[in-house]
Amino acid sequence: MAFRCSQTSSQPPNTLLLVLAIVFIFFLFPPSTVSLSFQISRFDANANNIVFEGDAVPFDGDIRLNRVDFVTRVGRATHSEHVRVWDPSTQELTDFTTNFSFIIDTQGASEGNYGHGIVFFLTSVDSEIPPNTAGGSLALLNTTSLLSPSKNNIIGVEFDSFSNPEWDPPGEHVGFIVNSLSSSQYVSWNATVHSLDVAKAQVSYEASTQKLNLLLTYNTSPLRYSVSLDVDLRKILPEWVKIGFSAATGTKIEIHQVLSWDFSSTLEGKEIIDANNNTNMQFVSRNRKEFIINSLSSAEYVSWNASLHSLDVANAQISHKASTKKMNLLLTYNDSPLRYNVSFDVDLRNILPEWVKIGFSAATGIVTETNRVLSWEFSSTLEGKEARNKHGNIKLILGLVVPLGALVAAAFLIVWMDLKTSKKKEEEDPQDLLGEMLIQT
């Protein structure tokens with residue numbers, strides 16, 4: 001069945017996106033990605049929310065970032081979902097806060113005989129451990145990348161247990177690194193003083209002040225470490241970043257373990273990976289149902305939460321009244337008193353061609369959900385018979401004329417030949433009669 005609406009507008013129809021074919025998305029198929037938020041109290045070896053590189057592995061509910069049975073080791077652990085840092089179209093920045101606990105075990109070594117440290121970082125989504133980044137490079141940047149700092153797109157919070165004179169300040173320290181291994185802001189700190197003590201770090205960014213803050217405390221020590229850095233993340237990071245931890249050892253070793261991690265951000269978005277695995281991003285508002293017209297931007301919407309109604313049967317009614325040119329949505333649920341209403345003024349003649357297809361579509365990204373349609377009914381008022389081809393009627397007439405014409409021509413030929421034969425016979429008959437008479441005479 002096709003749906004017909006009159007087409008009187010001179011505007012050419014946009015056939016690339018048919019509104020009625022996708023307008024059902026808002027109640028059954030919500031955007032599956034919003035601002036990133038998670039809380040991990042234990043790192044399960046069977047979970048898929050953490051990506052491990054190098055030596056990093058889940059170990060007894062923690063993350064162990066490096067081995068200590070060999071020297072010059074590197075490891076990274078990043079979250080499988082990415083964070084939207086800023087919106088290029090509006091220049092809006094995200095706020096974010098992350099808390100994590102970790103342990104550095106210097107294994108009883110004296111100061112200067114352990115290293116090299118652990119870093120919480122934000123960087124490009126395609127970043128991997130570069131070669132030659134053991135030791136003081138902290139599995140982040142090698143000497144080649146240090147030559148082009150503006151291309152590195154990285155901000156890190158470092159807990160640096162070994163001072164490299166090539167780029168580090170004197171002594172062990174905690175602080176911030178921006179596109180390099182040199183500390184932008186730091187305070188002195190000592191890893192061996194806190195060896196095996198659980199460190200609790202809070203890193204936050206406030207978009208309104210463009211200030212990055214670190215607060216570091218310990219379970220069994222009254223010492224507190226606090227550092228702040230004024231930084232516009234839009235000048236350092238791409239729109240989307242991966243977040244995680246890195247650690248490295250050199251000829252000096254120590255154990256780096258992450259025990260827990262939570263993170264929350266405010267800027268919403270949906271990440272789209274194109275067919276060539278290039279990362280392309282498009283903004284989608286958080287948990288909403290909506291009308292979309294010839295784009296993915298909402299023409300009208302109300303806030304809504306998919307997880308609140310997960311597995312509950314949604315009952316949606318969509319109607320369009322031609323006299324008022326108003327499209328309406330009413331959404332209810334079997335097990336919830338909540339009701340959602342959206343209305344939108346739209347002249348379908350300015351959007352759609354005369355005939356359209358209708359249906360449902362759904363998609364998932366790196367985050368998934370199950371979408372099912374249980375029942376469907378539809379009715380419309382405008383009558384009409386759809387011609388499947390622009391020249392369909394002509395083909396029909398020609399199709400009838402050709403066989404009928406051939407039949408008539410064949411019949412005419414048969415009749416004409418029969419008449420001709422009869423006439424010839426009549427002309428021959430008198431001559432035969434005259435011959436017979438002469439013979440008898």
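Is Trp261 buried or exposed, and what is its relative accessible area? Trp261 is buried, with a relative accessible area of 2%; buried denotes under 20% relative accessible area, exposed over 50% and partly exposed in between, computed with a 1.4 Å probe on protein chains only. The model is predicted, so local features need pLDDT of at least 70 and side-chain atom pairs count only at pLDDT 80 or more, whereas totals for chains, interfaces and linings use all residues. Residues are numbered from 1 along each chain as its sequence is written, and side-chain values use heavy atoms, with hydrogens and water left out.

Aromatic pairs (Phe, Tyr and six-membered Trp rings with centres within 6.5 Å; stacked under 30 degrees between planes, edge-to-face over 60, tilted for the rest) number 14. Phe38 and Trp261 form an edge-to-face pair, at 4.9 Å centre to centre and 85° between the planes. Because Phe38 lies in strand β2 (residues 37-40) and Trp261 in strand β17 (residues 255-265), this pair ties together parts 223 residues apart in sequence; strands are DSSP runs of E, at least two residues, numbered from the N terminus. Phe38 is buried as well, at 13% relative accessible area.

Phe120 and Phe245 form a tilted pair, 5.6 Å centre to centre with 55° between the planes. The former is in strand β9 (residues 117-124) and the latter in strand β16 (residues 240-248), 125 residues apart.

His79, in strand β6 (residues 74-79), is buried at 3% relative accessibility.

Definitions and conventions. Helix = DSSP H or I, 4+ residues; strand = E, 2+ residues; numbered from the N terminus.
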